[in-house]
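Have a look at the model first, then we'll go through it piece by piece.

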Amino acid sequence: MKENVVSKRIPSPERLEQLRKRIVSKRDPNKLTVSICTMSVCGQSRGSRDVCARFREEISRAGLEDKVDIKETGCQGFCEREPVVIIFPEGIYYVNVKPDDVPEIISTTIIKGRPVERLLYADPVTGEKQARESDISFYRNQMRIVFGNNRYINPTDIDDYIALGGYAALSKALSQMTPEQVLDEVKKSGLRGRGGGGFPTGVKWETTRNAPGEPKYVIVNCDEGDPGAYMDRSLMEGNPHSVLEGLVIGAFAIGSHEGFIYVRQEYPIAYENTIQAIRQAKEYGFLGEDILGSGFDFEVEVHRGAGAFVSGESTALMSAIEGRVGEPKMKYIHTAVSGIKGRPSCLNNVETWANVPLIINKGAKWFNSIGTEGSKGTKIFSLVGKVNNTGLVEVPMGMTLRQLVYDIGGGIPKGKKFKAVQTGGPSGGVIPEQHLDTPIDFDELTKLGSMMGSGGMVVMDEDTCMVDTARYFVSFCCEESCGKCIPCREGLRMLREILTDICQGKGRQGDIEAIEDIAKAMQDASLCALGTTAANPALTTLKYFRDEYEAHIKEKRCPAKACKALTSYYIDPEKCAACMICFRNCPTEAIHGGKGIVHWIEQEKCIKCNTCFDVCPPRFSAVRKISGERVPPPPAPGTKVISGKGR
Ligand SMILES: Cc1cc2nc3c(=O)[nH]c(=O)nc-3n(C[C@H](O)[C@H](O)[C@H](O)COP(=O)(O)O)c2cc1C
């Protein structure tokens, strides 16, 4: 018997608009919606699925199914406060929610319309509780045009995307514009690639379009191997249709009928949500043959990366798609002209593609009005490190680093001083305090010796050693270098060795000059941008913090007291109250003393874990951390605590 299958295929732009209206009309904008990030690694790892399950249970128990919807979403940005629960339409915002908090949220907020004070976000500076998402400084100062829809969309439900105007840009491009007009609009928008280099997107599209050879390929780069960066993962997990829509529009402009989405192996949810999005887009006819009745055909395939940082580089990524080892090749000709199988191939980053529907919907002029002269639109950053509010933030280009770190990031925890911010991932550079008022812009960051990169932003405080920071990033690149070219492979090994020696107190005269020479050779002669940029962290830390290098080498002193080999701990006998706290917490039993007896640290046993320093009550502050100084001799055995010292 023949099955009666109702096709979901949308044959024309008019029918898409009808469908959108139908979906919207079935949804009551005033109905309470509990939005929970269960479709992202950040939410899941903090227990959001248990919170969501408890909501379903309690809502059912209270018979509120008709009054309350639950929206399972991707990442909403404020990852460190997950599980986050937002109750729309008001936008009541709860942080660090546990399953046992759910009954109270239902009885107080959902039934009585009042916030649960203890679950609200407290401003790290003023301590003031902020009830609504729109009140919270972390969000208030952002401009979330690309990332903001994550909180309204269940990424596995294409109707959610369509309800918000999804695929309208594709419909417009296919029905009202020629490929040349689409290309022109993207060129005029000033969109530059968000994957690192900041290359003008429209120019790259045009190159591929004009390059001889068929077929032409379009590719999404979701490799994202930078430590600390997860913007692309969160977009692919939370709003895969926005990337897919951008890709199909790009394919139409370029004249491509085949595409690839390259998702790194370690991104299982991004992979699953992408597969699901492709399946649904095919069902609705946004992919496949005769898209929206336009006569344009386009197919896409997902390729899983093998988890190497270098595989994100364009030639390496294309080799991997061809089934070869993901290693870079010499770029005599741009991949836009000769990429996959020697055919013209346009590779763009996830965020770049996700900007495209916005440009087509709202126009180049609108896009152009956001940002700076040379950098248009917004940029998503993963703001991490020593900053109060960590998470994903989207800001207009031109916002200063200071606004990002202080107004959005809430400043530095524990009242510490800001020292530097590393932008651009492992091959970016550190930017010190004197440049905090620099506007975030591709060219401004490059002028400072750093770069925009894909959007990693690591904030460092006064306790961070700049030599050790350079050593960390250089070591990362050293591990990740494919080893194919000597300047990168050997240069990074040599840099790592010198920097490690300096951090261990074995630095020698001439090390700084050696770093500069090796960096120059790597910049001049490496095969790909991994090698040409990998010395940036060393060069920028040298540029802005040369005195720290000199202190390590000449005085065997780490000014930040972070390098273990150059740091020692002792207990000030004048301040020690013999409270036994450090004594009990020392993992190697290196602390001696007793009740009423001044404590002291046996240097040979001390592993410099900082525990004694951390646990010593601030009212005593007896544990001293020193570098470049001799440790005073311990007190005579049995020395008593000075009388009158309170416990
Ligand atoms: C070592 C290395 C790793 C890279 N990793 C990525 C990546 O993970 N994602 C990305 O979009 N671009 C990455 N790039 C940049 C790509 O080579 C390419 O320039 C980019 O995907 C182009 O897209 P865009 O023009 O939209 O920025 C990397 C480059 C290098 C040298």
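## Helix α10 and its neighbours

Let's start with a helix pair: α10 and helix α12 (residues 268-284) pack at an angle of about 35°, and their axes are 7 Å apart. Keep in mind that this is a predicted model. The crossing of α10 past α12 is left-handed. On the α10 side you'll find Arg233, Met236 and Glu237, which meet Ile269, Ala270, Asn273 and Thr274 in α12. Sorted by class, that contact between α10 and α12 has 3 nonpolar, 2 polar and 2 charged residues.

## The five-stranded sheet

Those strands belong to an open sheet of 5 strands, ordered β12-β11-β15-β13-β14, and its pairing is mixed. The edges are taken by β12 (391-396) and β14 (429-432); each has a single partner strand, so one side of each has no neighbour in the sheet. From one strand to the next, the twist averages 30°.

For a closer look at one pairing, take strand β13 (residues 418-423) and β14: they run antiparallel, joined by 4 bridges. Which residue in β14 stands opposite Thr423? That's Gly429.

## The four-stranded sheet

There's also an open sheet of 4 strands, in the order β9-β8-β7-β10, and here the pairing is parallel. At its edges stand β9 (299-305) and β10 (345-349), each with a single partner strand, so one side of each is left without a neighbour in the sheet. The twist in this sheet averages 20° from one strand to the next.

Strand β7 (residues 217-222) runs parallel to β10, with 5 bridges joining the two.

## Where α7 meets α14

Back to helix pairs. How do α7 and α14 cross? The axes of helix α7 (residues 168-176) and helix α14 (residues 350-362) come within 8 Å and cross at roughly 60°, so the two helices are oblique to each other. The α7 and α14 crossing is left-handed.

From α7, the residues making the contact are Ala168, Ala169, Lys172 and Ala173, while α14 brings in Pro357, Ile360 and Asn361. By class, this contact of α7 with α14 comes to 5 nonpolar, 1 polar and 1 charged residues.

## Aromatic pairs

If you like ring geometry, there are 15 aromatic pairs to browse. One of them is Phe88 with Tyr152, a tilted pair at 5.3 Å centre to centre, with 50° between the planes.

Technical notes: Residues are numbered from 1 along each chain as its sequence is written. This is a predicted model: local features need pLDDT of at least 70, side-chain atom pairs count only at pLDDT 80 or more; totals for chains, interfaces and linings use all residues. Side-chain values use heavy atoms; hydrogens and water are left out. Axes are lines fitted to C-alpha atoms, for helices over the stretch in contact, and angles run from 0 to 180 degrees between N-to-C directions. Angles under 35 degrees count as roughly parallel, over 145 as roughly antiparallel, 65 to 115 as roughly perpendicular and the rest as oblique. A crossing is left-handed if the near helix is turned anticlockwise from the far one by less than a right angle, and right-handed if clockwise. Contact means heavy atoms within 4.5 Å. Ala, Val, Leu, Ile, Met, Phe, Trp, Tyr, Cys and Pro count as nonpolar, Asp, Glu, Lys and Arg as charged, and the others, Gly among them, as polar. Two strands pair if DSSP finds at least two bridges between them. Rings of Phe, Tyr and Trp (its six-membered ring) pair if their centres lie within 6.5 Å; planes under 30 degrees apart count as stacked, over 60 as edge-to-face and the rest as tilted.
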